[in-house]
Amino acid sequence: MYEKTFPNKRFKNTINFLEKYVSKDQSILDLGVENPFSKIMIERGYQVTNTQGEDLDIDFKNIQSSTTDVVTAFEIFEHLIAPFNVLREIKGNKLVASIPLRLWFSSAYQSKTDPWDRHYHEFEDWQFNWLLEKSGWEIKASEKWTNPVKKIGFRPLLRSITPRYYIVYAERKKI
């Protein structure tokens, strides 16, 4: 299932977290185009629909028209200029979202070849928590994990002990 080229630790931790909080009979809208992880969710028995590649900073129609039970957003909010707006437009009552955490020893990610593959935000966990709270979500559970790399050096050492990924399960606040 987890091919050698996939980020195995991240995918394994993400699916384990998802399976704790989302049952297989709940439908999922996964923000972002179909990707290797959405395929893993489907293989594990989830009913998954993806957004279609629209600019989620501007175009909310797939989010607004969705009748799914859960929205997932795995490493997508850091690419958006205004994730607050997307979070407010979600109609479902459950959210599972992960972000790469800001690393003090590494600058924000920006692809040299793909203009869309860049991080506008590099969140710390408290910033992401605040974003969720301000946009109407209550965090029920969260986890962090590291992302060690198989290299030698000071930064690889720091990556082996500094959490890189943060995932939350949140529910819409009751008004």
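**Strand pairing, packing and a cavity**

Modeller: Strand E1 (residues 27-30) and strand E3 (residues 70-74) run parallel, joined by 3 bridges. This is a predicted model, where local features need pLDDT of at least 70, side-chain atom pairs count only at pLDDT 80 or more, and totals for chains, interfaces and linings use all residues. Residues are numbered from 1 along each chain as its sequence is written, and side-chain values use heavy atoms, leaving out hydrogens and water.

Biologist: Why are E1 and E3 called paired?

Modeller: Pairing requires at least two bridges found by DSSP between two strands; E1 and E3 have 3, so they pair. Strands are DSSP runs (E, at least two residues), as helices are (H or I, at least four), numbered from the N terminus.

Biologist: What makes E2 and E5 edge strands?

Modeller: The open sheet has the order E2-E1-E3-E4-E6-E5. E2 (47-50) and E5 (137-146) each have a single partner strand, so one side of each lacks a neighbour in the sheet.

Biologist: What is the mean pLDDT of the chain?

Modeller: The mean is 87, with 82% of residues at 70 or more, where pLDDT is the predictor's confidence in each residue, from 0 to 100.

Biologist: Why does the lining of the largest cavity count as 4 nonpolar, 3 polar and 1 charged?

Modeller: Leu 29, Ile 63, Val 71 and Ile 90 are in the lining, as are Ser 66, Thr 68, Gly 92 and Lys 91. Leu, Ile and Val count as nonpolar, Lys as charged, and Gly among the polar others, so the lining divides into 4 nonpolar, 3 polar and 1 charged. A cavity is a set of points on a 1 Å grid over the protein atoms alone where a 1.4 Å probe fits but cannot get out, and lining residues have an atom within 4 Å of a point.

Terms used. 1 Å grid on protein atoms, 1.4 Å probe; cavity = no way out; pocket = protein on both sides within 12 Å on 5 of 7 lines; lining within 4 Å.
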